[in-house]
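Here is a short note to go with the model. Please read the points in order.

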Amino acid sequence: MGMVPQEAPESAQCPSPSLASPSAKDVLRRKHKRKSRQHQRFMARKALLQEQGLLSPRPAPGPSPLPMLPGAPPGAKATSSARQHPRAESGGAGCSRKPAPRDSAGPLPSKCVAIDCEMVGTGPRGRVSELARCSVVSYHGEVLYDKYVRPEMPIVDYRTRWSGITRQHMRKAIPFQVAQKEILKLLKGKVVVGHALHNDFQALKYIHPRGQTRDTTSVPSLLSQPGLHVRNRVSLKDLALQLLHKKIQVGQHGHSSVEDAVTAMELYRLVEVQWEQQVASSLRAPPEDREPDSGTDMEQYMEDQYWPEDLAQGTSGGMGEAPGRRE
């Protein structure tokens, strides 16, 4: 009779782990569905560009064909391939759940990040650009870093119309030296994607290896489409609208560095295969045949089309120290 009341509390505790287990599974299932939908949207955009002739489809990379053995029957090689890839011709739903195979020339997703910085004006007339916010996202668009940064000099112009930075943001900002150390730790050894990256690196007081830099201002030339209406240095906003069919940098609250970094990564993934093949071939070329590094060509960004109208009018007499500005 004494055993019954002792067993009751133990049985009452049993449902707790069983209730927690389905909840964890639900979280994982929702996360998987969310990533699947994101991948489906990306593939749909890529297919649309292929239909419009803006992006040439490429066969999925696979193993090299097996050599034909002397005296072997004609079907021997096909049988070996089918044994290695039993689902290659099935076309079932299982294949659509996984991303397309990656090109071996490109970096691994874990070694690829996108960055975007927002700057404010310091120094005389606020014409010196200093870092005020930095965002870093992963290959899949997950936010790895997003912090406000206190410039080393007093802020003269918040440039809120473009930067989105206000005085209130500086209350929770961290010192530049601290932010710089945290950000460079994330960038070290990674392929860094961004738009007009020289502005971001200049604000960080940092130089990233050219071979590990992917500036999305090069995307139009990779597409090689004369009908694509872009300038020599097209804005991120225009690229997003024309190639991704999405609107960014809307409203009157300035840019979002997270949104811009995610968009840059989406553009990179759109032409990743072509880009990495081009990088690989340029590395194999003799040094005298390699193209100059256009990512460090800052003179073109001094043109009025890349400046806010009020700043362009105020600096028509001389260039001075131009604010790092990117659309």
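1. A contact means heavy atoms within 4.5 Å. Among contacts in the protein between residues at least 6 apart in sequence, 63% join residues at least 24 apart.

2. This is a predicted model: local features need pLDDT of at least 70, side-chain atom pairs count only at pLDDT 80 or more, and totals for chains, interfaces and linings use all residues. Residues are numbered from 1 along each chain as its sequence is written, and side-chain values use heavy atoms, with hydrogens and water left out.

3. Buried residues (under 20% relative accessible area; exposed is over 50%, partly exposed in between; 1.4 Å probe, protein chains only) make up 37% of the 327 residues.

4. The structure holds 5 salt bridges. The term means a side-chain nitrogen of Lys or Arg within 4 Å of a carboxyl oxygen of Asp or Glu.

5. One of them joins K205 and E152, with the closest N and O atoms 2.5 Å apart. K205 sits in the loop between α7 and β7 and E152 in the loop between β3 and β4, so the pair ties together parts 53 residues apart in sequence. K205 is exposed at 54%. E152 is partly exposed at 41%.

6. R214 and E276 form another salt bridge, at 2.9 Å from N to O. R214 is in strand β7 and E276 in helix α11, so parts 62 residues apart in sequence are tied together. Both R214 and E276 are buried.

7. K246 pairs with E266 in a salt bridge at 3.2 Å between the closest N and O atoms. K246 counts as buried at 18% relative accessibility, and E266 does at 17%.

Technical notes: Helices (H or I, at least four residues) and strands (E, at least two) are DSSP runs, numbered from the N terminus.
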